[in-house]
Amino acid sequence: MDLDEALRCLAEADGNRRRPELCAGPYLAVAYGEGLELDVSRLRAQGAEEFAAGRAASVYDALDLLAVDVVAATGDTVEELLERLEEDGPMDDGAPLTGIVSHRRRFLALLLLGFGGPMEMITARFEQDPYLGDALTDLPGARFVLLASADPPNQDFAFGVLDLGGGGGH
């Protein structure tokens, strides 16, 4: 999933316009970063069956789990985080954020857009991502639907959504 598609999903979730092909889970939300509940190291320690915190029925639900986890890991409110990102540069309500109203989803969208640090949407060769690439080894048969990764080694942060089989995904 590329950046435009990820932003479209966030807007669709806010507008209650979920596409059926993205609701045919199971999906798994995974992340890499300090303080994240969905950190891939927990997946490795607990095993896929026990890693219930990241399980979702749809891509939309998985994105929501990631948004909640990333906000919680900061120790700040989502409003404080949005304010801080606004200080980094102007956040107009232009095309990329159109339809994304939820503060948590908006925060996730801004992270994807590079506010708070450079992020890259990985669309191929997922296994080469330094943060989450090994998740595919831990979950045979799974595939990334979305993978956003910060520039190593400056930001040690990534998050993604895995299709565990059965999802239509992209």
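These questions and answers walk through charges, cysteines and salt bridges in a predicted model.

Residues are numbered from 1 along each chain as its sequence is written, and side-chain values use heavy atoms, without hydrogens or water. Local features need pLDDT of at least 70, side-chain atom pairs count only at pLDDT 80 or more, and totals for chains, interfaces and linings use all residues.

Student: How many disulfides does the model have?
Tutor: A disulfide is a covalent bond between the sulfur atoms of two cysteines. Here the rule asks for a pair of cysteine sulfur atoms within 2.5 Å. By that rule the count is zero.

Student: How far from the sulfur of cysteine 23 is the closest cysteine sulfur?
Tutor: The closest cysteine sulfur belongs to cysteine 9. The gap is too far for a bond. The distance is 9.3 Å.

Student: Is cysteine 9 buried or exposed?
Tutor: Buried means under 20% relative accessible area, exposed over 50%, and partly exposed in between (1.4 Å probe, protein chains only). Cysteine 9 has 0% relative accessibility. Cysteine 23, at 34%, is partly exposed. So cysteine 9 counts as buried.

Student: How many salt bridges are there?
Tutor: A salt bridge needs a side-chain nitrogen of Lys or Arg within 4 Å of a carboxyl oxygen of Asp or Glu. Counting by this rule gives nine.

Student: Which residue forms a salt bridge with arginine 8?
Tutor: The closest N and O atoms of the pair are 3.7 Å apart. Both residues lie in helix 1 (residues 3–14), three residues apart, about one turn of the helix. Helices are DSSP runs (H or I, at least four residues), strands likewise (E, at least two), numbered from the N terminus. The partner is glutamate 5.

Student: Is glutamate 5 buried or exposed?
Tutor: Its relative accessible area is 11%. Arginine 8, at 41%, is partly exposed. Glutamate 5 is therefore buried.

Student: How many residues apart are aspartate 61 and arginine 18?
Tutor: Their side chains meet in a salt bridge at 2.9 Å, N to O. Aspartate 61 is in helix 3 (residues 59–74), while arginine 18 is in the loop between helix 1 and strand 1 (27–32). The pair links distant parts of the chain, 43 residues apart.

Student: Which strands hold arginine 143 and aspartate 163?
Tutor: The side chains of arginine 143 and aspartate 163 meet in a salt bridge (3.4 Å, N to O). The pair ties together parts that are 20 residues apart in sequence. Arginine 143 lies in strand 4 (residues 143–150), and aspartate 163 in strand 5 (residues 158–163).

Student: Is aspartate 163 buried or exposed?
Tutor: Arginine 143 is partly exposed at 31%. Aspartate 163 has 2% relative accessibility. That makes aspartate 163 buried.

Student: Which residues gather in a patch of negative charge on the surface?
Tutor: Patch residues have over 30% relative accessible area and no salt bridge, with like charges joined within 9 Å and nonpolar side chains (Val, Leu, Ile, Met, Phe, Trp, Tyr) within 5 Å. Asp and Glu count as negative, Lys and Arg as positive; His and chain ends are not counted. Each charge is placed at NZ of Lys, CZ of Arg, CG of Asp or CD of Glu. The patch holds Glu79, Glu80, Glu83 and Glu87.

Student: Which helix holds glutamate 79?
Tutor: Glutamate 79 is partly exposed, at 43% relative accessibility. The helix spans residues 78–88. This is helix 4.

Notes:
Areas by Shrake-Rupley, 256 points an atom, 1.4 Å probe, with all protein chains shown as cover.
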